[in-house]
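Subject: Model handover, salt bridges

Hi,

Here is the model for your files. Please open it alongside the notes below.

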Amino acid sequence: PLKLGIMASGNGSNFESVAQAIKNGELDAKIQVLIYNNTSAKAAVRAENLGVPSVFLDHRKYKNREEFDGEIVQTLRQYDVEWVIMAGWMRLVTPILIDAFPDKIINIHPSLLPSFKGVNAVEQAFAAGVKIAGCTVHLVCLEMDSGAILMQAAVPVLPNDTPETLHARIQVEEHRILPIAIALASQHNLHQLNKYTQ
Ligand code: GAR
């Protein structure tokens, strides 16, 4: 089984979808640890219910992003993590984390990249008036939301949508493709792919 470390800042529904896929036998993996950085993150409650160990790391306590990432790397190593999954992780990363897990960090983003990078991606897509929205699972590199794309899924934007209803439709697809993309990623040598997009 793949040894996964999940990083989440909020609700944690993507974390739960990975846990479900493992439970259902769709993904041969084990979640070694959940790292979260907000005390209010519902992801922590989900971890407890799922019996997954969780560690709270407060970015506000560190001098800079590098020191915070150093602590994350130490925790991931302590839990013997092989693949790092950012499932709603809302912090920028530094080379400290990237270099510790080369080509083994995966992120999910609620837009069809390279459109609408950064925060509030769904609101950005909504404001742009696009008629097709979606989500992307990609490898993480230093530049935000820019690593090699592993999988994408599209959804329609409907006439009566609000950013919230659109996000809900996107999340159904996120929950479907994230576990598949993790399995795909682990079966391939992704070094070339990631290098190619830099
Ligand atoms: C997801 O929609 C994910 O794509 C997004 O945050 C949400 C987390 O939901 N990530 C980003 O915006 C990263 N920049 P969840 O906590 O329920 O999994």
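The notes below cover the salt bridges and the exposure of the residues in them.

This is a predicted model: local features need pLDDT of at least 70, side-chain atom pairs count only at pLDDT 80 or more, and totals for chains, interfaces and linings use all residues. Numbering runs from 1 along each chain as its sequence is written, and side-chain values use heavy atoms, with hydrogens and water left out.

A salt bridge here is a side-chain nitrogen of Lys or Arg within 4 Å of a carboxyl oxygen of Asp or Glu. That rule gives six salt bridges. Three of them follow, with exposure classed by relative accessible area: buried is under 20%, exposed is over 50%, and partly exposed is in between (1.4 Å probe, protein chains only).

Lys3 and Asp80: the closest N and O atoms are 2.8 Å apart. Lys3 sits in strand β1 (residues 2–8) and Asp80 in the loop between α3 (65–78) and β4 (83–86), so the pair links parts 77 residues apart in sequence. Helices (H or I, at least four residues) and strands (E, at least two) are DSSP runs, numbered from the N terminus. Lys3 is partly exposed at 28%. Asp80 is also partly exposed, at 44%.

Asp58 and Arg60: their side chains form a salt bridge at 2.7 Å, N to O. Asp58 is buried at 15%, whereas Arg60 is exposed at 52%.

Arg169 and Asp161: the closest N and O atoms lie 2.7 Å apart. Arg169 is partly exposed at 22%. Asp161 is buried at 9%.

Best wishes
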